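The sequence and the structure are shown below.

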Amino acid sequence: MKGIVFTEFLDLVEEKFGLEMVDKIISQSELASEGVYTSIGTYSFSEMLQLVTNLSGNTGISTDDLLLVYAEHFFSVIKTSYPGLLETYKDPIEMLASIENHIHVEVQKIYPDAELPTFVVEEKTDNSIIMLYKSSRAMHHFGLGLMNKTFEHFNSKASIVLEKIKEDGTEVRFIVHKI
Ligand code: HEM
């Protein structure tokens, strides 16, 4: 997992919960990196999992809700860091349909060691899309947060329903309708 995901996460934790919370979740976790991240480095996903799990334990906020809020913040990072990628799109449904075959392909070119999910488009119309999310990282709520912000970015709104295919969240169906 890329360092930018960690540095942005810890910045957000500091902003919302203070520097003491950053220190606390780092010391509660067993981190090969010792909690020192650079935006271009690569770190194991288990470090993120421990940080989010410990933040959840200390705050009482579910890990899904934490990933959702974090993704909404991460979208603004995407807007600043990869403006060209977003400008390719005029419509949120088109953008979501292109994650697998365009957006994340470009991300993988920038970061060859990025760990990305698989999205399979099952059905698509002008106003709706049904996509299957698959990832051993089970970060579906990170996807949900990015989808929410994608619609907001295009001044649009959607109802997004998640249907767990696998109980552990490694396969989830997203049912998205523009409203
Ligand atoms: C992960 C970039 C759009 C879903 C990531 C990562 C990057 C990235 C850098 C982290 C990879 C790593 O740590 O190794 C981008 C960029 C986008 C974009 C630049 C737009 C221009 C989206 C959208 C979704 C999405 C719209 C909506 C569903 C995800 C998910 C992950 C992820 C769920 C977490 C990894 C996993 O679940 O296995 N993306 N992304 N991305 N992205 Fe995107």
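## Iron site

His104 is located in helix H7 (residues 99-110); helices are DSSP runs (H or I) of at least four residues, numbered from the N terminus. Through NE2, His104 is the only protein donor of the ligand's iron atom, at 2.1 Å. Donors are N, O and S atoms within 2.8 Å of the metal (3.2 Å for Na, K and Ca), and sites may look incomplete because water is not among the atoms.

## Basis of the model

The model is predicted, so local features need pLDDT of at least 70 and side-chain atom pairs count only at pLDDT 80 or more, while totals for chains, interfaces and linings use all residues. Residues are numbered from 1 along each chain as its sequence is written, and side-chain values use heavy atoms, with hydrogens and water left out.

## Aromatic pairs

The structure contains 10 aromatic pairs (rings of Phe, Tyr and Trp, the latter by its six-membered ring, with centres within 6.5 Å; planes under 30 degrees apart are stacked, over 60 edge-to-face, the rest tilted). Phe6 and Tyr43 are edge-to-face, because their ring centres lie 5.6 Å apart with planes at 70°. Phe6 belongs to helix H1 (residues 3-17) and Tyr43 to the loop between helix H2 (19-28) and helix H3 (45-59), 37 residues apart. Both residues, Phe6 and Tyr43, are buried (under 20% relative accessible area with a 1.4 Å probe, protein chains only; exposed is over 50%, partly exposed in between).

Phe9 and Tyr70 have ring centres 5.3 Å apart and planes at 75°, so this pair is also edge-to-face. Because Phe9 lies in helix H1 and Tyr70 in helix H4 (residues 63-81), the pair ties together parts 61 residues apart in sequence. Phe9 is buried at 3% relative accessible area, and Tyr70 is buried at 1%. Phe9, Tyr70, Phe74 and Phe142 make up one aromatic cluster.

How values were computed. Helices (H or I, at least four residues) and strands (E, at least two) are DSSP runs, numbered from the N terminus.
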